[in-house]
Amino acid sequence: MEGESTDPGRPRLGVAFGGGTARGLAHIGALKVLEAEAAAPDALAGTSYGAIIAALYALGTPALELERLVREQNTGEIWLQGLDFGLHRGSLIHGRRLARWLDRKFFFGATFADLQIPLVVACTDLATGRLAVIDTGPISLAVQASCALPGIFAPVRSNGRVLIDGGFVQTVPFRALSLLGPDLMIGLHAGLDVDNSRLVRGVRHVNASRLGRRFQHLAARFQPVGPFGQMVRGFAVSLRSYSRPLRAPKGHLLVREDPPAQWWDFHKSPQAIHAGERAMRRALEHSPRFFDRLRGVEVT
């Protein structure tokens, strides 16, 4: 499935939305700037919280309407969706209640067949640790799978696969987006600064240690069957993910948004959205050749 450009005179633009939970609200600000520059995306990929924003946008919700929705959202209502027992699935939270709430309040039972812009949702196959994409079926199920964090939200079974957060394969889902065939790609990153974070450096050190290698070797023996097996495989996949660098493919663009909010700060949506706007404006200023290509201007 490939999207045609909204403007036949310019290359097709794909946007990849990384996660970040409340920090991912910055993606809305980035979309506002792209729309203002007549560069609305023609194809989308999302993972974790970014899958929620991408899905809403793909269903035809413009950036300003997205901003209104999140500004008016009751934060307490969001946290109530966490009251969903999941220990029998090897996690604190099942995730089914969150998916049903999103479907009822925002997606209205939509499936991928209802999308106005092509979308793929990036997940991780827990059995292989490799990328798994969802591009058919209910939007809510795809989002639930892409938000499944080992030990926090339970994995999701879909078409014979056990799926978790796609950010463990690639923090910003460029590879998933490339399946839709865009000419140019912009990745939006609102999560950890993986190149400078002390936490990430610490995890990388553990991964490279004898203990870390031993754990990965033992975890590989477990199949993602039952709560314990899923939890062990999930932690192994998540630890490995921190050893991967965060880069845009050659010729494409990564926009780091860095909102002044923590992952739980849903009440800071105005600040997060503004950070996304600032980041995209900086990208316009610092990457003029990329945006000239996007506008169809011949670059010499």
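Predicted model: local features only at pLDDT ≥ 70, side-chain atom pairs only at ≥ 80, totals over all residues.
In helix α11, the buried residues are S269, A272, I273, A275, G276, A279, M280, A283 and L284. As for the length of the helix, α11 runs over residues 269-286, and its 18 residues should span 26 Å at 1.5 Å a residue. The C-alpha atoms at its ends are 26 Å apart, which agrees with that expectation.

How much of α2 is buried? The helix is mostly covered, with 10 of its 10 residues buried. Among them are Y49, I52, L56 and Y57. After α2 comes G60, which has a positive phi, near 105 degrees. Which residues does V143 touch? Setting aside residues up to four places away in sequence, V143 touches A51, I52, A55, L102 and F107. Of these, A51, I52 and A55 are buried residues of α2.

Let me next consider A43, which is found in strand β2, residues 43-46. A43 counts as buried because its relative accessibility is 3%, and the cut-off for buried is under 20%. Beyond its neighbours within four places in sequence, A43 is in contact with L13, G14, V15, I117, P118, L177 and L180. L13 is 30 residues from A43 along the chain, and their C-alpha atoms are separated by 6.5 Å.

On the surface, by contrast, F85, L87, L92, L149 and I152 form a nonpolar patch, and together they have about 480 Å² of accessible area. L87 is found in the loop between α4 (75-80) and α5 (96-107).

Finally, the salt bridges. A search of the whole structure finds 13 of them. In one, D183 pairs with R12, and the closest N and O atoms are 3.9 Å apart. D183 is in the loop between α7 (174-178) and β7, whereas R12 is in the segment before β1 (13-17), 171 residues apart. D183 is partly exposed, with a relative accessible area of 40%, while R12 is buried, at 18%.

A second salt bridge joins R23 to D258, with 3.4 Å between the closest N and O atoms. R23 lies in the loop between β1 and α1 and D258 in the loop between β8 and α11, so this pair ties together parts 235 residues apart in sequence. Is each partner buried or exposed? R23 is buried, with a relative accessible area of 15%, and D258 is exposed, at 56%.

E277 forms a salt bridge with K32, the closest N and O atoms being 3.2 Å apart. This pair links helix α11 with helix α1, across 245 residues. K32, E67, R71 and E277 are linked in a network of salt bridges.

Terms used
Residues numbered from 1 in each chain as written. Heavy atoms only, no water. Contact = heavy atoms within 4.5 Å. Helix = DSSP H or I, 4+ residues; strand = E, 2+ residues; numbered from the N terminus. Expected span 1.5 Å × (residues − 1). Buried < 20%, exposed > 50% of the residue type's maximum accessible area, 1.4 Å probe, protein only. Patch = residues over 30% accessible without salt bridge, like charges linked within 9 Å, V, L, I, M, F, W, Y side chains within 5 Å. Areas by Shrake-Rupley, 256 points an atom, 1.4 Å probe, with all protein chains shown as cover. Salt bridge = Lys/Arg side-chain N within 4 Å of Asp/Glu carboxyl O.
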